[in-house]
Amino acid sequence: MSNTPRLELRNVSRTYRIDEQRIPALDRVSLIAEAGTVTALLGRSGCGKSTLLNLAGAMDFPDSGDVLIDGQSTSGLNERELTKLRRHRIGFVFQSFQLLPTLSALENVELPLLIAGERRSTVIARERLDWVGLGDRGSSMPHQLSGGQMQRVAVARALAQRPEILIADEPTGNLDTASGDQVLELLAKAARDFGATVLLATHSVEAAAIANVRVRMRDGRIEAIEPAYVGAR
Ligand SMILES: Nc1ncnc2c1ncn2[C@@H]1O[C@H](COP(=O)(O)OP(=O)(O)O)[C@@H](O)[C@H]1O
Ligand SMILES: [Mg+2]
């Protein structure tokens, strides 16, 4: 009866083991994120935000519970399927931008398209740079760009393949308020224009403000979800 959500975490736990130590980073977390929405994860350092994002991006897997993308559990995919999922359906933006320093802005955006064998890679990369307002900076090298511009290039790159899920881990953490706000506006626009499911970890009040859904985390658990919805389906 109900539609399958784009992304669902169902009773997910993840414990890191270092030698004899066990660190319960996520403890029975359930969350739903729909297409075309921005969900912000809030909470102090160490509460499990990055762990949750890595699970949602199929870069890591739960010890128990399920991460479902369009109803398919990431734990049930083989290596080939995982590579395809990560390359085509998930985009990542990091606090530290992670641009390749020896490639131009345009080449950074084009690279994932080339790897995916996209014939129209240059055209699409130009479209994305235009979309983030940097159409005139394609030939600039990363070191010639401001932090805010680098992060906008990183957003363009993350959206190269029109991913269903866009994951941003503290994307404004290294930016001043004005450039941070521009990046946040782009993330909100990514949800609108591309129908992406945007998952954002943040400390910033401004970032929380652009989100459709705010998830308050503490010690590996979800404390509150605003606006509240009725539990996992
Ligand atoms: N790769 C790892 N190995 C061991 N412990 C980790 C690892 N990643 C995170 N942790 C621990 O898991 C908990 C949650 O961390 P994290 O998800 O990075 O939180 P946040 O992103 O909210 O700061 C913390 O106690 C952290 O120290
Ligand atoms: Mg983190």
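**Pockets, cores and backbone geometry**

Tutor: In this predicted model, α2 provides the largest share of the lining of the second largest pocket, namely 5 residues.

Student: What is the volume of the second largest pocket, and which residues line it?

Tutor: The volume of the second largest pocket is about 170 Å³. By class, its lining has 3 nonpolar, 2 polar and 4 charged residues. The lining residues are I69, Q72, L77, R80, E81, K84, L85, H88 and R89.

Student: Which residues lie nearest the centre of the largest pocket?

Tutor: The largest pocket holds about 530 Å³ of space and has a lining of 17 residues. The elements that give two or more residues to that lining are α2 (79-88), β6 (90-94), α3 and α5. By class, the lining has 9 nonpolar, 5 polar and 3 charged residues. Nearest the centre are R86, I90, F92, P112 and R157.

Student: Why is β6 largely enclosed by the rest of the structure, and which residue of β7 is the bridge partner of I90?

Tutor: A residue is buried when its relative accessible area is under 20%. In β6, 4 of the 5 residues are buried, so the strand is largely enclosed by the rest of the structure. β6 pairs with β7 in the parallel sense over 5 bridges. Within β7, the bridge partner of I90 is I165.

Student: Which element gives the largest share of the largest nonpolar core?

Tutor: The largest nonpolar core has 41 residues, and L129, V155 and L166 have the most contacts inside it. Two or more residues each come from β3 (38-42), α3 (105-115), α4 (121-131), α5 (147-158), β7 (165-169), α6 (177-194), β8 (197-202) and α7 (205-210). The largest share, 7 residues, is given by α6.

Student: With which residues is V155 in contact, leaving aside its neighbours within four places in sequence?

Tutor: V155 is one of the residues with the most contacts inside the largest nonpolar core. In soluble globular proteins, nonpolar side chains tend to be buried together. Leaving aside neighbours within four places in sequence, the contacts of V155 are V93, W131, V132, V183, L186 and L187.

Student: How many residues does the second, separate core have?

Tutor: Among the members of this second core are V29, A56, I90 and L199. I90 also lies among the residues nearest the centre of the largest pocket. The number of residues in the second core is 29.

Student: How far apart in space are E127 and A160, C-alpha to C-alpha?

Tutor: E127 is placed in helix α4. With a relative accessible area of 38%, E127 is partly exposed. In sequence, E127 and A160 are 33 residues apart, while their C-alpha to C-alpha distance is 9.0 Å.

Student: Is R162 buried or exposed?

Tutor: R162 lies in the loop between α5 and β7. Phi of R162 is near 50 degrees, a positive value in a residue other than glycine. The cut-off for exposed is over 50%; since the relative accessible area of R162 is 51%, R162 is exposed.

Student: What is the value of phi at N11?

Tutor: N11 belongs to strand β1 (residues 7-18). At 42% relative accessibility, N11 counts as partly exposed. Phi of N11 is positive, in a residue other than glycine, and is near 55 degrees.

Student: What is omega of the peptide bond from E226 to P227?

Tutor: P227 is in the segment after β10 (221-226). The peptide bond from E226 to P227 is cis, and its omega is near -10 degrees.

Key
Residues are numbered from 1 along each chain as its sequence is written. Chains are lettered from A and ligands numbered from 1 in the order in which they are written. This is a predicted model: local features need pLDDT of at least 70, side-chain atom pairs count only at pLDDT 80 or more; totals for chains, interfaces and linings use all residues. Side-chain values use heavy atoms; hydrogens and water are left out. A nonpolar core is a set of buried Ala, Val, Leu, Ile, Met, Phe, Trp, Tyr and Cys residues joined through side-chain atoms within 4.5 Å. Buried means under 20% relative accessible area, exposed over 50%, partly exposed in between (1.4 Å probe, protein chains only). Contact means heavy atoms within 4.5 Å. On a 1 Å grid over the protein atoms alone, a cavity is a set of points where a 1.4 Å probe fits but cannot get out, and a pocket is an open set with protein on both sides within 12 Å along at least five of seven lines; lining residues have an atom within 4 Å of a point. Grid points are joined across faces, edges and corners, and a volume is the space filled by probe spheres set on the points. Ala, Val, Leu, Ile, Met, Phe, Trp, Tyr, Cys and Pro count as nonpolar, Asp, Glu, Lys and Arg as charged, and the others, Gly among them, as polar. Two strands pair if DSSP finds at least two bridges between them.
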